[in-house]
Amino acid sequence: MNFKLKLAKIDIFIISILTVLSLVLGLFIYFVPKDSGKSVAIYIEGKMEYSLSLEEDQTLALHPGEYNKSTNTYPSLLGEMVIEIKDKSVRVEKEDSPLHVCSKQGWVSIPNFPVTCAPNYVVVVIESTDATNFDFVV
Amino acid sequence: MKKKAFLALLVSGTFFLTSCGEGKKDFSSYSKEEVSYCNSFVSEVTSGWNRVCNLNPIRISDHETTYPFDSDLIYASYPLQELDVPSIYDIEETMGSIFYRLHQEFDRHYDYFHDDGTKIQNLKVLNESYGTEKAVFVDKDLYNLLKISVELGVKSDNRFNIAIGELSAFWDDLISYNNNQMSYDDYIDPLLTNEKSKEAEKKLKKLQQEIPTAEELKDLLEFDDTLQTITFHQYKNVEKVSLTLGGIGKGYAVGKAAEALSAKKYDFGYISGASSSNVMLGKKKDHSPWTVGISSPFQADFDMGGYVTFDGYRVLSTSGDSAHMYFLPIEKNGKTTYIIRHHILNPSTGESENEYRKVTLFSSAISSEIMDALSTIMMNTKEEDLEEMFSYIRENYGDIEGIFQKNNEEETIAYYFVTKGLKDSFTINEQNTHFAEVKYYEF
């Protein structure tokens with residue numbers, strides 16, 4: 001048996017379109033600058049309440065009281081809490097807790113290394129979409 | 001589960017806080033009730049990692065507590081589902097009790113007591129026996145670690161020496177004092193010329209004379225293997241010589257905790273002692289390799305310049321100048337430069353060295369305590385002597401690889417000097433904000 005491959009016009013058209021699309025996609029992936037995608041996620045009682053840009057210096061004040069997101073008020077807080085972002089790092093500047101573990105932790109600039117304010121039910125963590133996620137940092 | 005976890009933490013914290021203010025002042029035993037649970041949803045939001053922490057403070061006086069080895073001691077494993085709540089408690093109690101006990105034994109500043117009220121024969125007790133010719137019975141761990149330390153001191157040519165207790169205290173005071181000054185004009189340092197600095201210089205010179213070398217220390221400490229006692233003999237006419245396990249104690253404790261957790265089959269995680277002493281206990285449950293970020297040596301930024309990947313068991317030790325340090329401005333030819341005074345001391349010079357900013361060592365054969373001391377030894381080893389040092393260690397202790405970090409004067413380039421064996425597993429992190437450059441040693 002002798003088969004001869006015969007391409008119809010539509011086949012050529014589809015192949016051309018796919019080739020052009022692949023090229024465009026390839027060029028896009030190659031040339032578009034990689035976004036480090038870092039943001040600061042603030043979890044309160046296990047729920048992500050805020051996602052702040054790590055690129056922008058800012059502070060966020062949280063208050064104890066009946067839940068009201070518009071006034072940053074949360075019942076789990078033992079007292080006023082201030083979270084500060086500066087120079088691509090984040091820290092819990094002020095909080096009320098017996099041991100002050102999270103404010104003592106100081107500045108963090110590494111993704112996935114949480115600042116944990118356990119008595120306040122608050123976790124502050126830099127989240128990253130970077131391809132490289134470290135298990136551990138020295 | 002989240003609520004339960006937090007409640008456990010709160011309840012245990014409250015128990016501790018309320019229990020330490022009254023009654024018998026016995027803080028030596030580690031009880032189940034004091035075990036806290038610091039895992040909870042932290043892990044769930046951080047890529048599914050379990051983090052079991054050691055949050056149990058040790059009471060050192062009526063008003064003060066400290067954390068074992070003044071460090072965050074953590075067991076972490078992936079993925080989250082691999083540990084249930086009883087296992088987490090088990091891990092925390094297992095490693096917590098080891099850290100708690102060994103901190104007390106290796107502490108040279110405070111007294112601690114057994115349940116029956118007798119004093120724990122710790123390093124402080126041994127230091128107090130200096131020159132009295134009294135043989136002191138100590139626990140097996142302290143006994144063994146002191147023997148290992150003395151031997152390492154001799155083998156390292158005095159680059160590591162546990163007899164620097166007084167020297168270490170001198171620099172600790174300067175570091176704390178200078179970090180609390182608003183202006184460099186108020187700094188005290190043997191290299192400065194103000195009145196207090198001149199006194200400090202005099203004191204440093206005296207201390208340099210009073211520290212026995214590692215070779216001399218071998219004769220000062222008399223070990224009796226049968227009775228498990230140590231006699232701390234007088235050194236010349238020096239009034240006070242004190243031992244410190246600051247450069248090896250935490251590594252020993254992390255190693256012991258690693259052994260205990262491996263025996264209980266928790267060997268898919270790692271233990272970290274504030275990142276300076278770490279043991280990856282085995283393969284991760286998802287069989288992905290360990291990826292360890294090596295941070296840039298710059299003070300102002302903590303970005304990752306590179307990372308290392310490997311499989312299975314590994315001991316990892318790091319020493320550097322970024323913690324417990326101060327910058328000392330020095331005028332030279334009309335230009336101000338800064339040297340870093342830090343806590344890793346060279347026993348031979350009495351000062352800290354600035355050959356490298358940070359040293360990170362990896363081994364699958366050398367014990368955690370020896371690796372802890374080796375990172376100090378490497379910080380005190382000139383670059384031209386590194387090859388010989390590596391060759392000696394490989395021959396006598398087992399495989400070892402390392403990353404030595406430096407930077408240019410302007411702090412714009414981070415250099416990663418990597419030993420041969422890490423060539424295929426070290427990668428420069430292209431997303432690093434600083435410019436990082438890798439160079440490979442021939443050994």
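## Stop 1: a buried arginine

Select Arg341(B), which is buried, with a relative accessible area of 3%. Bear in mind that you are looking at a predicted model. Is Glu351(B) buried, exposed or partly exposed? Its relative accessibility is 23%, so Glu351(B) counts as partly exposed.

Why do such pairs form at all? Side chains of opposite charge can pair when their charged atoms come close.

## Stop 2: a link between two loops

Next, select Glu355(B) and Lys382(B). Their side chains also meet in a salt bridge, with 3.6 Å between N and O. This pair links distant parts of the chain, 27 residues apart. Glu355(B) sits in the loop between strand 16 and strand 17 (358–363) of chain B, while Lys382(B) sits in the loop between helix 10 (368–379) and helix 11 (386–396) of chain B. Lys382(B) has a relative accessibility of 38%, so it counts as partly exposed.

Still in chain B, select Arg101(B), Glu105(B), Asp139(B) and Asp141(B) together. Salt bridges that share partners join these four into one network.

## Stop 3: over to chain A

Move to chain A and pick Lys69(A) and Glu49(A). They form a salt bridge whose closest N and O atoms are 3.9 Å apart. Lys69(A) is in the loop between strand 3 (58–64) and strand 4 (73–74) of chain A, and Glu49(A) is in strand 2 (residues 47–53) of chain A, so the pair ties together parts that are 20 residues apart in sequence. Compare the two ends: Lys69(A) is partly exposed at 36% relative accessibility, whereas Glu49(A) is buried at 7%. How many salt bridges does a search of the whole structure find over all chains? The search finds 28.

## Stop 4: a glutamine with no exposed surface

Return to chain B and select Gln405(B), found in strand 18 (residues 401–407) of chain B. With a relative accessibility of 0%, Gln405(B) counts as buried. Which backbone oxygen does its side chain reach? The side chain of Gln405(B) reaches that of Ser295(B), at 2.8 Å. Show the surroundings too: leaving aside neighbours within four places in sequence, Gln405(B) is in contact with residues including Ile294(B), Pro297(B), Tyr356(B), Thr360(B) and Tyr416(B).

## Stop 5: step back to chain B as a whole

Zoom out and select the whole of chain B. It has eleven helices and 21 strands. Of its 443 residues, 56% count as buried. Chain B exposes about 19,500 Å², and carbon and sulfur atoms supply 50% of that area. Among the contacts in chain B with a separation of 6 or more, residues 24 or more positions apart account for 63%.

Finally, colour the chain by confidence. Chain B averages a pLDDT of 86, and 87% of the residues score at least 70. Select residues 1–37 of chain B, though, and the pLDDT is below 50; this stretch has 73 contacts in the model beyond near neighbours in sequence. Residues 39–46 of chain B also stay under 50, and there the model has 29 contacts beyond four places in sequence.

How values were computed:
Residues are numbered from 1 along each chain as its sequence is written. Chains are lettered from A and ligands numbered from 1 in the order in which they are written. This is a predicted model: local features need pLDDT of at least 70, side-chain atom pairs count only at pLDDT 80 or more; totals for chains, interfaces and linings use all residues. Side-chain values use heavy atoms; hydrogens and water are left out. Helices (H or I, at least four residues) and strands (E, at least two) are DSSP runs, numbered from the N terminus. Buried means under 20% relative accessible area, exposed over 50%, partly exposed in between (1.4 Å probe, protein chains only). pLDDT is the predictor's confidence in each residue, from 0 to 100. Contact means heavy atoms within 4.5 Å. A polar contact is a pair of N or O atoms within 3.5 Å; within protein, one must be able to donate a hydrogen and the other to accept it, and residues adjacent in sequence count only if both atoms are side-chain atoms. Accessible areas come from the Shrake-Rupley method with a 1.4 Å probe; for residues, only the protein chains shown count as cover.
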